[in-house]
Every structure is written in structure tokens, then in C-alpha cells.
Amino acid sequence: LIWLGLIMGCGTERVDPSSSAWRLVNLEAVEVAWRVRTLQFFEDEACTEPLWSVPNQTGDAFGTEASEMTGPEYAFALKSPRGWETAEHCDPGECHLGFRWGEQKTVR
């Protein structure tokens, strides 16, 4: 798996970016298909305060075209065995999986 690294700022100054949508993007080429079984965003660096990402309730899951029966919503169903999988290979920066809320969220 290839995960997006969040850039939090330069030097000693900390930057806490906020957005109404967050996503993972592949940084390197994925030869066959990129699969993410489960994805959860958090408000804190210790990953103890989840940002509730419930498709059709708290917002919308989105992603690059998925293989059959592996839409982006399955990656946010935390106990789903399906997850999300791209329909094809991914060139660097070409594929993504994310969630869109109705308000600004800070992810750490």
C-alpha cells in the first residue's frame, strides 16, 4: 500500500489544515490495482478521536473508478470485507479515495 503523507508545515510552525473533504492519493505507481480495505480519519495524532465518515449519513465517500462491488463507501464500512479497489493500475498521483463532510474538518 502507498499512503499519502500529510504535510503539516515547515520548520517549527505547526499548520492544522481544515477542509470539508480529505483523500488519500497514491504517490507511486500501482501496477495492477490499489486496494484499501478500511479507512478512517482522526482528529488527533493519537488516533483516539475518529471523524465519523458514514456514507449517506455524515457525508459522501468518493474515489477513482472502482472494481465491481468495491465502491468507495465500502472502505468506510469499518467491518466490511470488501473495501475499495481501483478498476485499473494507477500512475503516480492518479488514484484517490476520500470522504466529503458538510463542514470543515481537521485531520491529524
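Is Glu85 buried, partly exposed or exposed? With a relative accessible area of 21%, Glu85 is partly exposed.

Before we go on, a word on what you are looking at. This is a predicted model in which local features need pLDDT of at least 70 and side-chain atom pairs count only at pLDDT 80 or more, while totals for chains, interfaces and linings use all residues. Residues are numbered from 1 along each chain as its sequence is written, and side-chain values use heavy atoms, with hydrogens and water left out.

Let us begin with the overall layout. The chain has zero helices and seven strands, and from the N terminus on its elements run β-β-β-β-β-β-β. Helices (H or I, at least four residues) and strands (E, at least two) are DSSP runs, numbered from the N terminus. Of the 108 residues in the chain, 34% are buried.

Now back to Glu85 and its partner. Side chains of opposite charge can pair when their charged atoms come close. Glu85 forms a salt bridge with Arg35, and their closest N and O atoms are 3.1 Å apart. Because Arg35 lies in strand β2 and Glu85 in strand β6, this pair ties together parts that are 50 residues apart in sequence. Arg35 is partly exposed, at a relative accessible area of 34%. A salt bridge here is a side-chain nitrogen of Lys or Arg within 4 Å of a carboxyl oxygen of Asp or Glu. How many salt bridges does a search of the whole structure find? It finds two salt bridges. Lys105 counts as buried because its relative accessibility is 19%.

Next come the aromatic rings. A pair of aromatic rings is described by the distance of the centres and the angle of the planes. Rings of Phe, Tyr and Trp (its six-membered ring) pair if their centres lie within 6.5 Å; planes under 30 degrees apart count as stacked, over 60 as edge-to-face and the rest as tilted. By this rule there are five aromatic pairs. In one of them, the rings of Trp34 and Trp84 have centres 5.5 Å apart and planes at 80°, so the pair is edge-to-face. Elsewhere, Phe41, Phe76, Phe99 and Trp101 form one aromatic cluster.

Other residues also meet across the sequence. Asn26 lies in the loop between β1 and β2 and counts as buried, at 0% relative accessibility. Which residue is 70 residues away from Asn26 in sequence but 6.7 Å away in space, C-alpha to C-alpha? That residue is His96. Cys90, in the loop between β6 and β7, is buried with a relative accessible area of 0%. Cys90 and Leu27 are 63 residues apart in sequence, and their C-alpha atoms are 9.6 Å apart. Gly59 lies in strand β5 (residues 59-63) and is buried at 15%. From Gly59 to Gly102 there are 43 residues in sequence and 6.3 Å in space, C-alpha to C-alpha.

Finally, look at the loops and the surface. Asn56, in the loop between β4 (50-51) and β5, is exposed with a relative accessible area of 73%. Asn56 has a positive phi of about 70° although it is not a glycine. Met69, in the loop between β5 and β6, is also not a glycine and has a positive phi near 60°.

How values were computed: Buried < 20%, exposed > 50% of the residue type's maximum accessible area, 1.4 Å probe, protein only.
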